[in-house]
Structures are given as structure tokens and as C-alpha cells.
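Hello,

Here is the structure we talked about handing over. Please load it first, then read the notes below.

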Protein chains: 4
Amino acid sequence: MFTVGIDIGGTKIASALVDQHGQLIREKRVPTPANDSAALTETVVQLIREMSEGHTVIGAGVAAAGFIDADQANIVYAPNLSWRNEPLKAQLEAQLDIPVLIENDANAAGWAEYRFGVGQGTKHMVMLTIGTGVGGAIIADSRLLRGGFGIAAELGHMRVVPDGRPCGCGQNGCLESYGSGTALLKSAKELANSNLPQGSRLRQLQDDAGELTGNEVYTAILERDPGALGLLSDLGSWIGQAIASLTAILDPEMVVIGGGVSASGDLLLNPIREAYLKHLPARGFRPELEIKAAGFLNDAGLVGVADLARKALS
Amino acid sequence: MFTVGIDIGGTKIASALVDQHGQLIREKRVPTPANDSAALTETVVQLIREMSEGHTVIGAGVAAAGFIDADQANIVYAPNLSWRNEPLKAQLEAQLDIPVLIENDANAAGWAEYRFGVGQGTKHMVMLTIGTGVGGAIIADSRLLRGGFGIAAELGHMRVVPDGRPCGCGQNGCLESYGSGTALLKSAKELANSNLPQGSRLRQLQDDAGELTGNEVYTAILERDPGALGLLSDLGSWIGQAIASLTAILDPEMVVIGGGVSASGDLLLNPIREAYLKHLPARGFRPELEIKAAGFLNDAGLVGVADLARKALS
Amino acid sequence: MFTVGIDIGGTKIASALVDQHGQLIREKRVPTPANDSAALTETVVQLIREMSEGHTVIGAGVAAAGFIDADQANIVYAPNLSWRNEPLKAQLEAQLDIPVLIENDANAAGWAEYRFGVGQGTKHMVMLTIGTGVGGAIIADSRLLRGGFGIAAELGHMRVVPDGRPCGCGQNGCLESYGSGTALLKSAKELANSNLPQGSRLRQLQDDAGELTGNEVYTAILERDPGALGLLSDLGSWIGQAIASLTAILDPEMVVIGGGVSASGDLLLNPIREAYLKHLPARGFRPELEIKAAGFLNDAGLVGVADLARKALS
Amino acid sequence: MFTVGIDIGGTKIASALVDQHGQLIREKRVPTPANDSAALTETVVQLIREMSEGHTVIGAGVAAAGFIDADQANIVYAPNLSWRNEPLKAQLEAQLDIPVLIENDANAAGWAEYRFGVGQGTKHMVMLTIGTGVGGAIIADSRLLRGGFGIAAELGHMRVVPDGRPCGCGQNGCLESYGSGTALLKSAKELANSNLPQGSRLRQLQDDAGELTGNEVYTAILERDPGALGLLSDLGSWIGQAIASLTAILDPEMVVIGGGVSASGDLLLNPIREAYLKHLPARGFRPELEIKAAGFLNDAGLVGVADLARKALS
């Protein structure tokens with residue numbers, strides 16, 4: 001028995017048939033019709049049908065960025081898509097003969113790490129997804145913490161600096177304004193456009209490419225450019241400080257770091273660990289958690305939401 | 001069928017026989033032999049026996065301030081008592097013929113509010129206990145969140161100001177350094193010892209009493225002294241800002257404010273609510289939680305731990 | 001004997017003939033040819049000639065926003081004008097037969113207040129000009145403090161929040177990001193676009209006007225709208241906190257508050273004074289300075305630079 | 001023609017006969033009778049007489065830590081001595097036949113650096129004295145900036161962190177709470193008492209010495225212990241950030257770093273310079289100042305106050 005997982009991104013929709021061990025039996029990616037609500041729903045229906053063909057499929061899970069309601073039936077708000085208060089579960093179930101579950105993509109990815117990735121064996125785990133923004137997932141006592149209104153674990157919006165940098169959420173000083181890929185790129189551009197010596201390599205890359213993007217910053221990081229590493233270390237420090245606060249609140253056994261920026265590996269993880277230890281309350285009187293890089297690369301959302309759909313049926 | 005609840009404070013031990021509705025059948029308070037580990041254990045044993053007399057008692061719960069391990073068997077560290085890594089569960093069960101459960105006192109109080117107090121009907125609730133320190137309890141999906149090592153919900157130690165005021169936990173900028181009764185008293189003393197006009201009433205109370213204590217500050221609050229109200233409002237603002245961050249993490253339906261400082265009622269709750277709303281990420285795109293004063297006065301720990309003992313057996 | 005004062009703003013050039021008591025004998029305002037460096041210089045020459053006609057004029061002073069060099073001869077950088085490293089003094093003196101002095105406009109305004117405005121009688125005075133940005137002037141021991149490179153008293157760029165709001169200067173957390181009219185307007189727009197009850201009046205004004213500008217915010221302030229007053233009070237609090245730090249550094253007898261936002265009078269000055277007192281180091285062990293609204297409305301730059309030109313010749 | 005300089009410290013009084021080039025002709029140090037106001041005055045009289053013997057002495061200068069009034073006649077408040085509102089100038093002149101000038105010791109030290117030390121040739125200079133506290137001196141346009149009430153340049157009390165660490169002055173977040181030797185020692189003790197690996201050397205030194213003092217910390221710094229260097233670098237970073245703000249206010253050509261902690265040389269100066277550059281407003285559009293270690297070791301206060309006494313007479 002299988003479930004289908006769908007992960008709707010801003011540019012691509014990934015789909016897969018997934019077994020009970022989180023293994024992909026088959027998969028397919030198509031472009032996202034981001035501005036056409038009806039076409040988007042129709043594409044999801046077709047992908048679920050196509051993935052199901054010839055197998056016993058007991059349910060499907062759909063992951064997307066945004067606020068999903070507590071019943072996991074409606075997409076309340078999806079920043080990259082045209083959906084607002086979209087009753088997606090009902091729409092899909094009306095066209096398919098299997099139950100459908102909707103989940104936030106960062107939650108789904110966290111669940112995948114907990115069930116099949118580096119988080120296996122823990123009961124209390126937190127995942128931070130460091131990409132364009134900072135997403136999060138919380139596993140508390142072996143269950144995904146969804147919150148009273150379905151929007152828990154928006155870890156990018158815990159505040160780290162009072163009266164700090166402005167955030168897209170309308171507040172100031174959110175973790176996302178200091179610890180996201182967007183924040184890293186902004187700092188890199190500032191450094192490139194300064195005349196500080198440690199900005200020389202980023203300046204050169206900017207001059208060559210015409211504009212600085214995540215690619216150039218990642219290149220500089222891979223080259224161990226001190227300027228880019230300094231910025232990555234700053235980012236890691238903010239993440240580590242946030243983990244210290246999260247420890248006081250959630251007391252997880254492990255924090256998993258995923259998302260595009262986590263590809264930097266220990267160059268990112270070491271500053272995270274160092275800042276976590278430095279800022280841990282009651283250090284020495286309590287166990288210290290593990291901080292690990294995510295095990296999945298791209299399929300975490302897919303696998304996680306397929307497994308959550310399976311779990312809801314069991 | 002009943003359970004016994006024991007709440008070990010720094011100066012008094014409260015005990016009670018509690019029914020399945022959280023009602024106290026009988027209760028007794030005795031002084032805490034804080035510096036004598038053996039006498040303390042013996043007192044607890046006697047109280048459980050005394051409370052049990054003549055009734056069918058299926059278990060007992062013991063609440064204390066401090067770090068309790070994940071198995072709820074050992075008191076790892078209790079700041080006010082002589083216990084360090086004390087195997088309290090085993091010690092008590094060796095002398096009693098009922099199972100015993102150990103719990104952190106703030107967790108127990110939060111559970112009481114969730115089960116029998118203002119939190120009834122919620123599934124996701126947070127309690128903040130504002131006393132000498134700032135304690136916390138998290139109910140996530142109808143369960144007490146204890147964390148991987150048993151020490152979750154130490155909400156007084158989430159950081160609110162980077163490089164901020166020093167905290168007893170060894171860090172800087174913890175919520176407890178801004179939002180506790182101790183912080184309030186410290187601010188009140190500073191104001192009384194300044195020559196600011198809004199400190200005049202506190203100055204007078206200090207002169208009359210010889211020293212400023214929580215009593216004088218509470219008197220000034222009850223008199224609606226603008227100076228004391230300003231300090232209480234500052235405290236409430238920090239608590240409200242912390243709740244905004246907690247919302248991003250835990251998404252509760254309700255936050256319950258307990259502890260001695262909460263006796264100020266709306267004088268405290270209004271600034272909390274105002275700061276919460278001002279600092280809520282994505283305000284307008286999400287439901288807003290309720291902030292309520294605790295329903296229990298003194299018995300929350302007792303009732304909560306008795307009910308947790310009952311729950312563990314069911 | 002008279003001097004001519006010229007104040008070059010982003011949209012208008014104000015000119016006047018000024019006597020030794022700071023009185024305007026005649027004045028004229030013309031549009032600023034902001035994008036034509038040569039036309040701008042020519043306009044200034046014409047205005048000085050016109051103002052001088054029929055009187056004994058011993059020198060002229062020209063004020064503009066920007067960095068003026070230590071010799072007061074060159075405009076190094078003027079954000080609103082086309083001048084970069086413009087040798088303005090030499091250019092003007094080549095066409096006129098009187099000496100010319102160049103000065104930063106905020107410095108000139110501060111000098112006017114010190115000599116003829118509310119600062120008369122002091123020896124140590126600071127002026128903060130709260131307009132689009134936050135400008136400053138420092139009078140130390142009866143002399144204008146110009147700095148080693150001519151760019152002292154850029155008081156809008158002292159830092160008030162580490163890792164704080166981004167500033168146009170490339171840094172984060174500058175006073176200007178919290179205490180300027182621009183910051184006030186930004187906060188007002190956020191409040192109007194929230195659904196907070198205290199934003200209702202600003203929301204209404206925004207709906208009526210299509211867009212919120214300084215005019216609408218000022219209207220709301222004059223109406224004593226609690227929402228707008230709250231924002232003004234926040235702004236004042238940041239200014240007052242900065243004055244407390246400036247006191248530790250400069251120990252002035254008086255701080256003068258000027259600029260467009262200061263038209264709010266005590267609605268702004270009271271929160272400034274309150275925050276100053278609250279944050280004053282060693283309060284009670286030192287005298288407290290006076291905080292006053294500027295005496296001049298629009299002519300401070302004009303009068304100040306004319307007097308500085310006179311002083312340079314005496 | 002000579003002047004006598006007296007520098008009253010908490011434990012020793014240094015006295016010297018000084019010529020017009022800042023050279024010491026003779027000098028003498030005696031213990032400070034700190035708790036006996038009359039004996040202290042008498043000791044100063046005797047030292048001035050003794051230093052003067054056989055030479056033409058035209059005046060004397062007395063330096064002490066504390067608030068000196070604007071007339072330089074009274075010691076308003078001296079934290080380490082028994083003087084409160086002491087009319088020291090009148091008392092000394094009544095017993096001596098030469099004019100006496102009183103000055104704050106950090107101001108005197110700054111003046112010595114400006115006149116005879118590394119600040120020679122500048123017109124705008126700031127000195128930061130990093131010892132037990134953080135003291136300051138400001139030279140603006142070749143004159144010592146004393147302020148309207150005589151207590152300018154208390155640079156340790158500009159605020160660097162809102163709601164930050166408590167300071168002895170009654171405020172929070174003052175530079176002194178982050179950038180003084182006292183703050184360094186406090187951080188070193190915390191590190192030694194943690195179990196962080198980078199604290200191992202400090203822990204060892206603490207175990208050997210029984211207690212950690214400035215000597216042990218300095219030893220660790222000289223050994224290039226990474227833990228101690230990290231703390232020194234943090235301290236330097238706060239100082240550098242403060243200099244960036246001071247630049248916006250005072251625009252000096254040079255900042256001189258003195259005091260006991262400055263003995264660490266470039267180990268301290270490099271982090272200061274780095275942080276200054278990183279936090280400099282409008283970097284790239286303005287000249288950058290020089291940051292230099294003080295030229296004087298112990299005699300700066302003595303030499304400075306002697307020269308200020310000479311200057312007052314000329």
C-alpha cells in the first residue's frame with residue numbers, strides 16, 4: 001500500500017508514489033501554474049492520478065508554503081501562489097476517490113527527517129529550513145506540532161533583536177531577517193559594494209556576473225573566501241542563538257538544519273553549534289542537543305507529506 | 001478513586017487528596033525542611049500517607065521547582081532544595097504502595113489550568129507563571145510538552161534582548177531578567193532611589209517600611225500609583241513581546257498568566273495584550289489568541305500534579 | 001555692515017541680507033536648479049548680488065545639506081544636489097568681490113539658535129533637526145564644532161540599536177532610522193495598514209487621501225489622535241534616549257529641537273524630556289539640561305550662515 | 001618656568017615638576033589617604049611645595065577621578081575619595097601662593113596625549129581610557145571639551161545596548177558595561193566557570209591562583225590563549241562600535257586608546273579598528289580616522305594637568 005506525495009513550490013510541482021519506508025517508487029516534476037488557481041488544482045489531480053496508476057494508493061498528501069488551517073483542509077494563505085482560503089482538500093477529494101491531507105511544506109520536510117532522515121530515533125526534534133526564508137518544524141513527543149490554528153513552527157518569525165531589521169511579516173527583528181538566504185545575499189551585496197578588503201572576492205564576482213546572486217555567494221563560500229565565510233558565520237551565529245532560545249522552550253534532542261543554505265555543511269553548522277553553546281541557558285546543568293545537517297536533499301517535503309497522509313489513515 | 005498531590009515550595013509543602021474533577025477532598029500545609037534531604041523525603045511520605053487515610057488512592061504526584069528528568073523519576077536539580085540527582089520516585093515508592101510521578105511545579109500548574117481552570121476546552125495552551133522567576137508550561141495538542149530531557153517550557157529563559165541584562169542562568173537578556181517579580185522589585189528600588197517625580201510614592205513607601213519589598217510595590221500598584229503602574233506596564237510589555245514570539249513557535253489558542261504578579265489583573269494583562277498585538281508576526285493574516293489570568297490561586301500545582309499522576313495510570 | 005545668507009534646499013534656494021543682530025533686511029526665494037550644477041552656482045551668484053544691492057556687504061555664507069570640507073571651501077557630497085567635490089567657495093569668489101564661507105545647513109541652523117534664538121546665553125548647546133532625516137549641530141564652548149574633516153554633528157548617525165533598522169548611510173540602528181520624519185511616516189503607514197484599533201484614524205485619513213503623507217500624520221497629531229500621538233511619543237523616546245548618550249559625551253546646557261517634526265511642540269518635547277531623564281547616566285549626581293523647541297521657523301539656516309560668514313571676518 | 005602636576009589615584013598620589021615640553025624634572029609618589037579629607041588636602045599641599053622647591057613655579061594642576069565643576073574649582077563627586085563638593089581650588093590656594101586648577105584625570109591624560117603624545121599634530125582627538133572603567137577625553141579644535149557643567153567626555157556612559165547590562169551609573173547598556181577591564185574580568189570568570197573548551201586555560205589559571213584577577217587574564221592574553229583573546233576581541237569590538245558612533249558626533253582625526261587594558265597592543269587595537277570600519281556610517285564617503293595606542297604609560301594625568309595649569313595662565 002502506497003501514498004502519493006505532492007510538493008507545490010513556487011516554480012515546480014514535485015510528485016511521487018511513496019512506500020511505507022519513505023522510498024520513492026516513481027516521481028515526476030512539472031512547472032507550477034502559479035497564477036491560475038483552477039489549473040493548479042487540476043495539475044495536482046492529474047499528478048495524483050498519474051502517480052497512482054497501477055498501484056494500491058490509500059491516500060495523498062499535498063505540501064505547500066503557507067498557512068494551512070488546523071483541520072488541514074484549507075490553504076488559508078500561500079505567499080507564492082494564487083490561493084487564498086482555498087478549500088483544497090474538498091476540491092481534490094471531489095475528483096479523486098482517496099482521502100487527501102494538506103500540510104505546510106516545512107512541516108512536511110521536518111517530518112521526513114524525523115521519520116526517515118537524520119532525526120530517526122528521536123522523540124523531540126526541531127528542523128530549521130534555511131532558504132529564501134527561514135521555515136521550521138517541531139516534532140514534540142513523536143508528533144508533529146501543528147498548533148491551535150495550524151500555523152505553529154513559523155520559527156523564522158521568533159524575534160531575535162528588539163527594534164531590529166524589518167521583516168516581510170510586518171515586524172522587526174525576526175530570525176528570518178538575520179538567518180535566511182535572503183539576509184545573507186543582502187549582506188553580501190553590502191560587503192561587495194563597500195570598500196572593505198574582505199569584500200574583494202565578492203566584489204570581483206559581482207563585477208564578473210553583473211549582479212550578485214546566491215550562486216556567486218555560494219561560489220565564494222566554496223572557495224573559502226574569508227569575506228563570504230564571515231557572513232555565513234554571522235548567519236550561523238544568529239541561528240545558533242535562536243536554537244538556544246528554542247531549547248529553553250522546546251527542549252529537543254536534536255535540531256536539523258536544512259534548506260539551500262545548509263549545503264555549506266560544517267562551514268555553517270560549526271558557527272551554529274558554537275553560538276548555541278555560548279548562549280545556552282543553564283549550560284552545564286542540562287544535556288546538550290545535537291545539531292545535524294538534513295539527510296534529504298530535495299525530496300523531504302514530498303516524502304514527509306506522503307507519510308503524514310499514511311499516518312492520518314492508520 | 002483519588003490521587004494525592006504534593007507541591008514542595010521553598011518554604012512550605014502543600015498536600016491534598018484530589019478527586020477526578022480536580023476538587024480537593026482534604027489538604028494540609030507544613031514547613032519545608034529545605035536543607036535536610038532525608039527529612040524532606042520523610043515529610044513527603046508522611047503527607048501522602050496522611051492524605052490517603054480512609055480513601056482509595058491509586059497514585060501520587062509530587063511537584064517541585066527544578067529540572068525533573070525525562071522519566072519523571074529523578075530531581076536533577078532543584079534550586080531551592082538540597083536535592084541534586086535525587087531518585088525521588090524510587091525513594092517514595094519504596095515506602096509507599098502506590099506509584100509516584102514527579103513533575104516540575106510550573107508544568108503542574110499549567111496542567112491544572114488546562115484541565116480544570118481557564119484553559120478548559122483548548123488543545124494548545126501556554127502558561128506563564130510570573131513570580132520570583134518566570135516559569136512556563138506548554139500544552140500541545142492536549143498533552144503536556146515535557147521535552148527530550150524533561151526540561152521544556154523554561155519560558156523565562158528565552159532571550160528577549162541580545163547582550164541584555166544578566167540572568168541567574170548564566171546568560172544575558174532572558175525574559176526572566178525583564179518579566180519576573182524580581183525584575184519588577186529591582187526596577188522599583190531604582191525608581192525609589194532616583195529623584196524622578198514618578199518615584200515619589202515608592203520612595204515614601206520605602207522610607208516608611210525601611211526597605212522596599214514586593215508588598216510595598218503591590219500596595220503602590222493597588223493605589224494606582226503612576227510610577228508603579230509604569231513599571232508593571234513595562235514588565236507586561238516584555239511578557240507580551242515574548243508571547244508574540246511564542247505564538248510564532250507554538251501557535252497556542254490561549255496564554256494563561258499566573259503567579260504572584262498576576263494578582264494585578266488587568267493592570268498587568270492589558271499591557272501584555274497590547275504588546276502581544278503590536279509585535280505579533282503576520283498580524284491580520286492569522287487568528288489572535290486569548291490572554292487570560294489564571295483561574296487557580298494557590299492550588300494549581302497541587303491539583304495539576306495529582307491529575308497528572310491519575311493520567312499516567314489511565 | 002551686512003552679510004548675505006543663502007540656504008540651498010532640495011526644492012528652493014532662500015537668500016537674505018542679514019544684519020549683525022540676525023535680522024533680515026530683505027529676502028527672496030527661488031526654485032533650486034537641482035540637476036544643473038552650473039545653473040545652481042549662477043543662481044547663487046545672482047542672489048548674492050541682488051541681496052547686496054545698495055548696501056555694504058562684507059561677505060556671504062552659503063548653507064547646504066551635505067558634507068562640507070574642513071576648510072569650508074568645497075562641497076564634498078550633497079545628497080540632493082548634483083555637486084560632488086565642488087569647489088564652491090572658489091567659484092563664487094571668482095565672480096564676487098567678497099569672501100564666501102560654506103557651511104552644512106544643520107550647523108548653520110544650530111548656530112542661529114545659539115546666537116539669536118532659544119540658545120542665547122548658553123556656551124554648550126546641541127541642536128537636533130528632525131525633518132526627513134535627523135541633522136545636528138554642536139556648539140562647544142561658544143564655538144561651532146566642525147570636526148577634523150568638517151563633518152561632525154551628524155547626530156542622526158549615532159547608533160541607538162545594535163543590529164537595528166537599516167539606515168541610508170549603509171549601517172543599521174542609526175538614530176535617523178527611529179527618530180526622523182521618514183521613520184514616523186513609515187510607522188504611520190504600518191499602523192494604518194494594520195487592523196489595530198489605534199490605527200483607525202490614520203486608516204481613514206489614508207483612505208480619504210489615497211496615500212498617507214506627512215500632512216495626514218500631522219493632521220492626526222493635531223487632532224490628538226491616540227494612534228498618531230503614540231508614534232510621535234515613540235519617536236520622541238528615541239530622541240530622548242539619544243540625548244542621554246549625548247549628555248555623557250558633550251554635556252551641553254541645552255538641547256534645541258528643530259525641524260518640521262518639532263512643530264508638534266510639547267506633544268513631541270514631553271516624551272523627549274521623559275526619555276532623557278529616564279536614561280540619563282548618574283541622574284541625581286549631575287545638573288539636568290534644558291530641552292527647548294527651536295525659536296526660528298524657516299530662516300535658521302539663512303541667518304546662521306550669514307552670521308558665521310560675519311564671524312569668520314571678525 | 002615650571003608647573004606642578006598632581007594626579008590623585010585611589011591608592012597613590014603622583015606628583016611632578018613639569019616643564020613646558022611636558023618633561024618631568026622631578027617626581028614623587030605617596031599613598032593616598034583616601035578616607036581622610038583633610039589629610040588628603042594637606043598631602044597635596046606638601047607635595048606641591050616639595051616639587052616646587054628651588055624652581056620658579058607659576059601654578060599647579062590637580063587631577064582626580066570624578067566630576068569637577070565647570071569653573072574647575074570644586075570636586076563635585078569623587079567615587080574613590082571622601083570628597084563631596086570639596087572647594088579644593090580655594091583650599092589649596094589659601095595655603096599656596098600660586099594659582100591651582102582642578103581637572104578630571106581622564107581629561108588630563110587626553111590632553112597629555114594631544115600635546116606631547118601620539119595625538120600631537122591633530123586638532124580633533126578623542127581618548128578612551130580602558131581601565132577599571134572607561135574614561136574619555138575630547139579635544140575639539142585644539143581645546144579640551146569640558147562641557148556646560150564640566151563633565152563632558154564621560155564616554156563610558158554612552159549607551160551601546162538598549163535594555164543592556166546594568167551599569168554602576170544606574171543605567172543599562174553603557175559602554176563601560178561592555179568595554180572596561182571590569183567587564184573583561186567578569187566575562188573571563190564566566191568563561192572559566194563554564195565548561196567550554198576555550199575556557200580551559202583561564203580555568204587552569206583560576207585553579208592555580210585561587211581566584212581570577214586581571215593579572216591572570218593578562219597572562220592568558222600574553223600567551224595568546226584563544227579564550228582570553230576572544231574576550232579581548234569582544235571588548236575591542238564594543239569599543240570600535242562606540243568609536244563609529246563618536247565619529248558621527250565628533251568627527252575626530254584620531255582616537256587614542258589608553259588605560260591598563262590597552263597594554264595588550266594590537267591584540268586589542270585590531271578588533272577595535274575592524275569594528276570601527278564595519279560600523280562607520282557613510283563609509284567610503286568620508287575620511288577614516290587613526291586609532292592609536294597611547295604614548296604615555298603612567299604619567300599622562302600628571303603631565304596633562306600640569307600643562308593645563310600652564311595653559312590657563314598664558
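Is the crossing of α6(C) and α7(C) left-handed or right-handed? The crossing of α6(C) and α7(C) is right-handed. A crossing counts as right-handed if the near helix is turned clockwise from the far one by less than a right angle, and as left-handed if anticlockwise.

First, the ground rules. This is a predicted model, so local features need pLDDT of at least 70, side-chain atom pairs count only at pLDDT 80 or more, and totals for chains, interfaces and linings use all residues. Residues are numbered from 1 along each chain as its sequence is written, while chains are lettered from A and ligands numbered from 1 in the order in which they are written.

Confidence
The model scores ipTM 0.96 and pTM 0.93. Chain A has a mean pLDDT of 95, and 100% of its residues reach 70 or more. (pLDDT is the predictor's confidence in each residue, from 0 to 100.)

Helices in chain C
Back to that crossing. Helix α6 covers residues 200–209 of chain C, and helix α7 covers residues 214–222. Their axes come within 10 Å and cross at roughly 140°. Axes are lines fitted to C-alpha atoms, for helices over the stretch in contact; angles run from 0 to 180 degrees between N-to-C directions. Helices are DSSP runs (H or I, at least four residues), numbered from the N terminus. The angle makes α6(C) oblique to α7(C). (Under 35 degrees counts as roughly parallel, over 145 as roughly antiparallel, 65 to 115 as roughly perpendicular, and the rest as oblique.)

On the α6(C) side, the contact is made by C:Arg201, C:Leu202, C:Leu205, C:Gln206 and C:Ala209. On the α7(C) side, C:Glu216, C:Thr219 and C:Ala220 take part. Two residues are in contact if their C-beta atoms, placed from the backbone, lie within 7 Å. By class, this contact of α6(C) with α7(C) has 4 nonpolar, 2 polar and 2 charged residues. (Ala, Val, Leu, Ile, Met, Phe, Trp, Tyr, Cys and Pro count as nonpolar; Asp, Glu, Lys and Arg as charged; the others, Gly among them, as polar.)

Helices in chain D
Helix α7 (residues 214–222) of chain D and α8(D) have axes that come within 7 Å and cross at roughly 105°. α7(D) and α8(D) are therefore roughly perpendicular to each other. D:Val217, D:Ala220 and D:Ile221 of α7(D) meet D:Gly227, D:Ala228, D:Leu229 and D:Leu232 of α8(D). The residues of that contact of α7(D) with α8(D) divide into 6 nonpolar, 1 polar and no charged.

Helix α8 (residues 226–250) of chain D also packs with helix α9 (residues 266–279) of chain D. The angle is about 40°, and the axes are 7 Å apart. That makes α8(D) oblique to α9(D). The crossing of α8(D) past α9(D) is right-handed. Residues in the contact include D:Leu229, D:Leu232 and D:Gly236 of α8(D), and D:Leu267, D:Pro271 and D:Tyr276 of α9(D). The contact of α8(D) with α9(D) divides into 11 nonpolar, 6 polar and 2 charged residues.

Chains C and D
The contact takes 41 residues from chain D and 41 residues from chain C. α8(D) gives the largest share of the chain D side, 4 residues. The side of chain D that touches chain C divides into 23 nonpolar, 9 polar and 9 charged residues.

Chain D can be laid on chain C with an RMSD of 0.0 Å, by a turn of 180° and a shift of 0.0 Å along the axis. The two copies are thus related as by a two-fold rotation axis. Superposition is by least squares on the C-alpha atoms of residues with pLDDT of at least 70 in both copies. The same surface serves both: 100% of the contact residues of chain D recur in chain C.

Chains B and C
Here, 6 residues of chain B are in contact with 6 residues of chain C. The chain B side has 2 nonpolar, 3 polar and 1 charged residues.

Best wishes

Key:
Helix = DSSP H or I, 4+ residues; strand = E, 2+ residues; numbered from the N terminus.
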